[in-house]
Amino acid sequence: MKPMAASTPRYLVLAEELRARIEGGVLKPGDRLPSEAQLCATNGVSRGTVVRAIEQLVSQGFVTRRQGAGSFVANRSLHRKAGHLLSFSQTARQDGHRSEQRLLAFRPADDAEAQQFGVAAPARRLERVRLIDGEPCAVHGSVIPAAVCERIGLAGDGAAALLKDPDFSLYARFEAAGLAVREAHERVTARLATAAECAVLAVTAPSPVMVVFRTSYAADNLLVEAVEAVYRADFYTYDTHLVRGERHAGSGLRIVAAGADF
């Protein structure tokens with residue numbers, strides 16, 4: 001833990017001490033923090049100082065509050081930053097976590113699926129569970145043009161073996177085949193998990209999920225993947241920097257009818 005100036009507010013000092021215990025593994029995801037009374041007694045501070053320290057940790061994503069139960073160490077969350085195009089495994093590694101995948105299905109996409117994802121047929125459908133530090137956090141359903149599958153080695157007999165590798169990275173395969181992703185279009189929505197998603201993600205209904213729909217393009221605007229990624233809400237944080245000024249075309253908040261889905 002970095003030394004703090006003597007003038008640093010006491011609540012920030014306490015927040016840093018608790019954060020160091022979380023990052024050091026003394027307090028693990030799901031652990032209950034000491035009660036406000038205990039923190040007051042052990043640190044010689046007022047309840048107001050403890051409350052502000054916990055609020056600081058909540059705002060930073062280290063702690064969550066449960067009504068009537070107390071404050072708990074938050075699950076490991078993927079921090080996505082707007083404007084930064086990274087794969088799932090790159091994002092996990094950047095945040096200091098270990099990522100894995102588990103193959104659910106790899107099959108030809110039917111015409112309805114290809115059309116829904118905006119991919120020209122023929123295409124293939126890839127479904128995977130993504131794990132962070134061994135815990136399931138997302139279900140990724142991708143539709144990939146068949147020609148792209150050929151380029152990246154996912155069309156022959158060896159495809160199944162490749163996809164069963166826990167460390168398999170689709171973006172890495174794109175790059176190795178000269179199809180490095182140059183840009184992507186993405187939108188994020190929220191809804192409740194389906195019964196199937198609850199089973200795969202090991203959560204109980206009703207459970208909120210973040211849904212990320214992304215289309216990724218290589219050079220010459222070549223579509224290489226369209227994916228619907230469903231994340232457990234406690235594993236997904238989206239950070240962005242906002243600047244007040246002129247509203248550019250296509251930007252801003254868009255309100256859709258309640259219950260709309262894609």
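This is a predicted model: local features need pLDDT of at least 70, side-chain atom pairs count only at pLDDT 80 or more; totals for chains, interfaces and linings use all residues.
Q: How are the ring planes of Phe-117 and Phe-213 arranged: stacked, edge-to-face or tilted?
A: The ring centres of Phe-117 and Phe-213 are 5.6 Å apart, with the planes at 50°. Planes under 30 degrees apart count as stacked and over 60 as edge-to-face. The angle of 50° therefore makes the pair of Phe-117 and Phe-213 tilted.

Q: How many residues apart are Phe-117 and Phe-213?
A: Phe-117 is in the loop between helix H5 (111-116) and strand E5 (123-132). Phe-213 belongs to strand E8 (residues 208-217). The pair links distant parts of the chain, with a separation of 96 residues.

Q: Which helix holds Tyr-171 and Phe-174?
A: The rings of Tyr-171 and Phe-174 form a tilted pair, with centres 6.0 Å apart and planes at 50°. The two residues are three residues apart, about one turn of the helix. Both lie in helix H8.

Q: What is the relative accessibility of Phe-174?
A: Tyr-171 has 15% relative accessibility and so counts as buried. Phe-174 also counts as buried. The relative accessibility of Phe-174 is 0%.

Q: Which residue lies over the face of Phe-106?
A: Arg-52 lies over the face of Tyr-11, at 3.9 Å from the ring centre. For Phe-106, the distance to the ring centre is 4.3 Å. The residue over the face of Phe-106 is Arg-124.

Notes
Residues are numbered from 1 along each chain as its sequence is written. Side-chain values use heavy atoms; hydrogens and water are left out. Rings of Phe, Tyr and Trp (its six-membered ring) pair if their centres lie within 6.5 Å; planes under 30 degrees apart count as stacked, over 60 as edge-to-face and the rest as tilted. Helices (H or I, at least four residues) and strands (E, at least two) are DSSP runs, numbered from the N terminus. Buried means under 20% relative accessible area, exposed over 50%, partly exposed in between (1.4 Å probe, protein chains only). A charge sits over a ring if NZ of Lys or CZ of Arg is within 6 Å of the ring centre and within 35 degrees of the ring normal.
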